[in-house]
Amino acid sequence: MFGCAKSRHYTCTDTDGLYHNAGYPIGVAINPDLLYTDSQCHRIASQQFNSFTAENIFKPFYLHPEPNAYYWEEADKLADYCVTNHKRLHGHTLIWHEQLPEWILSFSGSTSEWEQMFKNHIQTIVAHFRGKVAGWDVVNEAFDRDGTLRNSIWRRKLGDGYIERAFRYAHEADPNALLFYNDFDLESNPAKRRAVLTLLNNIRLRGAVIDGIGLQMHVNIYSPGSGEIVKAIEEVAKAGYKVHISELDISINPRGRPIDKTAALFQLQAELMTKIVVNYKQLPSRLQYGITIWGISDKDSWIPYYFNREDFPLLYDSNYIPKPVYCAIKSLL
Ligand code: G3I
């Protein structure tokens, strides 16, 4: 057990919400199965956060399972929940190389049929949620680590210009939605960050709308250092993009070794969180789209499952007890 009460430096309770005193949205990735069935998860999601991102159910695999059939039921239920409960809904994600349905992976149309399918996919989804989704991750993870464009199925079939056209199509379908480019390692990899900024700046110069950049921020207690994170936040803001820290979690076991859950590790986690939030707070409010945590409790994080390792990257432990990292955020808001 490592609740806040055990920490000398970070003690707090979670009886009032994280978002109440923040001047910007504090969000969380939502797994609807848990939201509706797990009362603790529901309590925390609704009390602590005022912005929801669906962890999976807005991805093409779930929303667009057949060429001419969209599966709206689950996503609509979440959108309605957000309207009723005054949560901002962030749409994640329209164009990604992962979690694609089989029919897209095997789509055998001509270049113009690919373009039509791509445009319809974006515009049907964006139009469906007009007025309910505040912002979209229009394109997700389009770059490789070395700063070149990822050779995804979208790029192979549609050419390098697909990113710009995705933003144009999304804007046509909902001119009021904020449009984001979202990627990982932008906080740790300056070459990738520079390449993303160069491409997005050029797209903007040609008149397309890109409102912000999602820095996913899947970081760990050893890397990147807080200096690099600060630099990334500053560079994105300086270029005039809204900054969404879009998928924040802080691993304490990146090497996947057997670990002792010592207070010192959770202290390091809390300290890194403090540095991230302190720097985010310094942004002008027009550039603060918010900070979104990628899940509620350690037991439901994608990290142990995906990397097959023990880890504790989120704000709450597996018994929904707030950890020092929770208290670190709270003390700053
Ligand atoms: O829904 C199926 C279920 O029917 C099946 O029985 C089960 C067994 O494999 O899989 C379930 O799907 C899983 C899905 O999560 C829902 O739980 C997939 O296997 C699993 O791969 C998928 O993982 C998601 C991952 O994206 C996919 O790449 C994670 O939950 C989600 O947190 C993660 O999120 C991504 C962001 O979208 C983009 N940035 C990186 C981030 C972390 O990878």
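## Helices and a surface patch

Helices here are DSSP runs of H or I with at least four residues, numbered from the N terminus. The model is predicted. Helix H12 covers residues 302-307, and Phe307 is found in it. Phe307 is partly exposed, with a relative accessible area of 41%. Together with Tyr305 and Tyr306, Phe307 makes a nonpolar surface patch of about 430 Å².

## One face of helix H2

Helix H2 spans residues 39-48. Its buried residues are Cys41, Ile44, Ala45 and Gln48. Seen down the axis of H2, they fall within an arc of 100°, so they line one face of the helix. An α-helix has 3.6 residues a turn, so residues three or four places apart point the same way.

What do the buried residues of H2 pack against? Their partners are strands S1 (26-30) and S2 (51-54), plus helices H1 (32-37) and H13 (324-332). Asp38 caps the N-terminal end of H2. One of its side-chain oxygens lies 3.0 Å from the backbone nitrogen of Gln40.

Most residues other than glycine have a negative phi, and most peptide bonds are trans. The bond from His92 to Thr93 is cis, with omega near 5°. Thr93 lies in strand S3, residues 88-95. The bond from Ser223 to Pro224 is also cis, with omega near -5°. Pro224 sits in the loop between strand S7 and helix H10.

Glu141 has a positive phi of about 60°. This residue is in the loop between strand S4 and helix H7. At 8% relative accessibility, Glu141 is buried. Met217 has a positive phi too, near 65°. The loop between strands S6 and S7 holds Met217. Met217 is buried, at 0% relative accessibility.

Conventions:
Residues are numbered from 1 along each chain as its sequence is written. This is a predicted model: local features need pLDDT of at least 70, side-chain atom pairs count only at pLDDT 80 or more; totals for chains, interfaces and linings use all residues. Side-chain values use heavy atoms; hydrogens and water are left out. Buried means under 20% relative accessible area, exposed over 50%, partly exposed in between (1.4 Å probe, protein chains only). Helices (H or I, at least four residues) and strands (E, at least two) are DSSP runs, numbered from the N terminus. The arc is that of the directions from the helix axis to the C-beta atoms. Contact means heavy atoms within 4.5 Å. A polar contact is a pair of N or O atoms within 3.5 Å; within protein, one must be able to donate a hydrogen and the other to accept it, and residues adjacent in sequence count only if both atoms are side-chain atoms. Patches are made of residues with over 30% relative accessible area and no salt bridge: like charges are joined within 9 Å, nonpolar side chains (Val, Leu, Ile, Met, Phe, Trp, Tyr) within 5 Å. Accessible areas come from the Shrake-Rupley method with a 1.4 Å probe; for residues, only the protein chains shown count as cover. A salt bridge is a side-chain nitrogen of Lys or Arg within 4 Å of a carboxyl oxygen of Asp or Glu.
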